[in-house]
Amino acid sequence: MTDQLTGRVIVEFGDDGYISKISRALPDGSVGWEKTPEYQDPFVAVSIGVGRITWNTYSAYHVVADIATGEEHERRFTK
C-alpha cells in the first residue's frame with residue numbers, strides 16, 4: 001500500500017487540448033506505467049482516488065485502473 005502513495009501522476013495534453021498521455025512517475029524518476037488513448041479516442045477527464053485512477057474517453061468509456069500498476073479493472077461504455 002505504501003507504494004501507491006509515492007510518486008506522481010502526470011497528465012499530458014496534446015495540441016488539440018485533449019489528454020494525450022497519463023503516466024505514473026516513481027520517486028526515483030523512472031516511469032511506473034503509461035497510458036495513451038486508443039486510436040482517435042482521446043482521454044477527456046482524469047480523476048484520482050484512493051488506490052485508483054479513472055479516466056473517461058471521448059467515445060464515452062469510463063475506465064478504472066490501479067494507480068500503482070496502471071492495470072485496468074473496469075472499462076464501461078457510458079452512453
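**Reading burial, contacts and salt bridges**

Q: What does Ser 20 count as, going by its relative accessibility?

A: Ser 20 counts as partly exposed, at 31% relative accessibility. Buried means under 20% and exposed means over 50%, with partly exposed in between. Keep in mind that this is a predicted model.

Q: Where does Ser 20 sit, and which residues is it in contact with, leaving aside neighbours within four places in sequence?

A: Ser 20 has its place in strand E2. Leaving aside neighbours within four places in sequence, Ser 20 is in contact with Glu 12, Phe 13, Gly 14, Thr 36 and Pro 37. Separation in sequence and distance in space are two things to read: from Ser 20 to Phe 43 there are 23 residues in sequence, yet 6.9 Å in space, C-alpha to C-alpha.

Q: Which residues make up the largest nonpolar core?

A: Here is the general idea: in soluble globular proteins, nonpolar side chains tend to be buried together. In this structure, the largest nonpolar core has nine residues, namely Ile 19, Ile 22, Trp 33, Phe 43, Ile 53, Trp 55, Val 63, Ala 65 and Ile 67. Strands E2, E5 and E6 each give two or more residues to this core.

Q: Is His 62 buried or exposed?

A: His 62 is buried, because its relative accessible area is 16% and buried means under 20%. His 62 is found in strand E6, residues 61-66. The side chain of His 62 also makes a polar contact of 3.4 Å with the side chain of Asn 56.

Q: How many salt bridges are found in the whole structure?

A: The general idea first: side chains of opposite charge can pair when their charged atoms come close. A search of the whole structure finds five salt bridges. In one of them, Lys 21 meets Glu 12 at 3.8 Å, N to O. Lys 21 also forms a salt bridge with Glu 34, with the closest N and O atoms 3.5 Å apart. Glu 34 is in strand E3 and Lys 21 in strand E2, so this pair ties together parts that are 13 residues apart in sequence. Glu 12, Lys 21 and Glu 34 are linked in a network of salt bridges.

Q: Which residue forms a salt bridge with Arg 75?

A: That residue is Glu 38, and the closest N and O atoms are 3.8 Å apart. The pair links distant parts of the chain, with Arg 75 in strand E7 and Glu 38 in the loop between E3 and strand E4, 37 residues apart. Arg 75 counts as partly exposed at 37%, whereas Glu 38 is exposed at 52%.

Key: Residues are numbered from 1 along each chain as its sequence is written. This is a predicted model: local features need pLDDT of at least 70, side-chain atom pairs count only at pLDDT 80 or more; totals for chains, interfaces and linings use all residues. Side-chain values use heavy atoms; hydrogens and water are left out. Buried means under 20% relative accessible area, exposed over 50%, partly exposed in between (1.4 Å probe, protein chains only). A polar contact is a pair of N or O atoms within 3.5 Å; within protein, one must be able to donate a hydrogen and the other to accept it, and residues adjacent in sequence count only if both atoms are side-chain atoms. A nonpolar core is a set of buried Ala, Val, Leu, Ile, Met, Phe, Trp, Tyr and Cys residues joined through side-chain atoms within 4.5 Å. Contact means heavy atoms within 4.5 Å. A salt bridge is a side-chain nitrogen of Lys or Arg within 4 Å of a carboxyl oxygen of Asp or Glu.
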